[in-house]
Amino acid sequence: MKRKPRVLFAAYEAEPFLKTGGLGDVAGSLPKALKAQGYEIRLIMPKFGSIPEKYKARMKHICDFTLDLGWRHQYCGIDSLKTQGVTCYFVDNEYYFNREKPYGYLDDGERIAFFAKAIMDCIPYIPDFNPDIIHCNDWHTALTPVFLKSKYCPEELQGVKTIFTVHNLKFQGVYSKWCVGDLLGFTEDEAGYLGLLEGDTVNYMRGAICMADRITTVSKTYAEEICGQFFGEGLSYIFLNRKEVLSGILNGIDTKRYEPTTDSNLYKKFTDDYFESKRVNKEAFQAEMGLEVNGDKPLMVIISRLTEQKGLDLVLWILGELMSQDVQLAVLGVGDQKYEDSLSSMAGFMPEKVSVSLTFSEPLSHKFYAAADMILVPSLFEPCGLTQMIAMRYGTLPVVRETGGLKDSVMPYNKYTGEGNGFTFANYNAHELLFVLKDAINLYHNEPEAWKKLVENAIATDFSWDSSAEQYSALYKELL
Ligand code: ADP
């Protein structure tokens, strides 16, 4: 019998082990969907200290070896655990990964280079799994396709193909030139050939974009956008050079995890009557957040990293004017101090209308999705964005800027046909956001039937992985 094609899916974070954003969602759910497509797929990520004990206790040590990185010779262990049918490998090095947080250390560049090298170096030591394809995700794994095309590639891996998926181009792994030799063990000529070096800087992601066999990003629109200067973050000319191997595949979400009728994080699981279920959840939420308890008030939420990317400047610019409307706003997020402070002070001024929860909490986020009538995602750029998709599962209408995956997943309300599953605006302009929000609030109050139809459309939109997994599968087949 012909064996199934083998794929090693490499990501720095993955649900249910560790998640700080959309990458964790994707790496936790896409491998399962690809397995259903007939691939033997395994996940690899670091063994972080913050992975919950219940998973660590079940991990089995399967091999260890000494990993060479520049002049460093470090212990590298591989543990494994099977969950929901997918075998996961965990790269173990206490010094690099047994820390409080996954990111935010001065030596991140070194830790991440170690991880990327381990993805390649561990394969000859893992019994019975030699992948045909290594699917790398974001800058943390960008050096793997580079090492595979370099003098460090073990002979038995020379035919292995690579896919590199860009989830967010903002983070590329840019360091000074010293790390070419000291950390990565290349000469400057080698680093130049491998696409790593640009002037006096080393750029991990640039290397992957030059060396990977295929490049994908997480929506069709973002794949086009990054070929232009504004969204290309300095790499647009390389994307243009490699356009023939670049494609955009929209992310899906784990529809089991985000299923309101079975979601035990909610105040009350949804019944078939979504509208009544939302009212119950909204009123309980308003009470918990100290907002005025009134199921008739439209409730808007933001569930997001609080950074410039997410369009918070637009929100803050119009917040005063927006709050003069009959509406409430609840924010869940952590991020830049300036946004945390501005939003908190607004909540201090009008606690019955604005609430701010400065924390990262998965269970709480589900309560936000379920309670809200609208979710605001006015991003400056958004490769895919998952919150608008998750929200729609809970009958919460997205209000988004037409960029990247937001454009590809939200169809604007058409007042003539009643079609659409949310609201959109085109330009990065605070008053465009305000006007579309006023339209949405007006529809909510004055045209309940039209609102209801939109919510039904949103709930019915298919954000499962089925169609996207098929597109990845087609790409894998091309490579094989
Ligand atoms: P990004 O990856 O750019 O942060 P995405 O929209 O792709 O944005 O994914 C964000 C993911 O992180 C979603 O699953 C969202 O629910 C979750 N999330 C964002 N902020 C928080 C938070 N403060 N608490 C819990 N979950 C959050």
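I counted a contact wherever heavy atoms lie within 4.5 Å, and I took helices as DSSP runs of H or I with at least four residues, numbered from the N terminus. I noted that this is a predicted model, in which local features need pLDDT of at least 70, side-chain atom pairs count only at pLDDT 80 or more, and totals for chains, interfaces and linings use all residues. Residues are numbered from 1 along each chain as its sequence is written, and side-chain values use heavy atoms, with hydrogens and water left out.

I first looked up α13 (residues 312-322) and α18 (residues 430-446), which pack at about 45° with their axes 9 Å apart. That angle makes α13 oblique to α18, since angles under 35 degrees count as roughly parallel, over 145 as roughly antiparallel, 65 to 115 as roughly perpendicular and the rest as oblique. On the α13 side I listed Leu314, Val315, Trp317, Ile318, Glu321 and Leu322, which meet Ala430, His431, Leu433, Leu434, Leu437, Lys438 and Ile441 of α18.

I then turned to α14 (residues 337-349), whose axis is 11 Å from that of α13 at an angle of about 25°, which makes the two roughly parallel. Here Leu312, Asp313, Leu316, Leu319 and Gly320 of α13 meet Tyr339, Ser342, Leu343 and Met346 of α14.

I recorded a ligand oxygen atom 2.6 Å from a side-chain N or O atom of aspartate 25.

Conventions
Axes are lines fitted to C-alpha atoms, for helices over the stretch in contact, and angles run from 0 to 180 degrees between N-to-C directions. A polar contact is a pair of N or O atoms within 3.5 Å; within protein, one must be able to donate a hydrogen and the other to accept it, and residues adjacent in sequence count only if both atoms are side-chain atoms.
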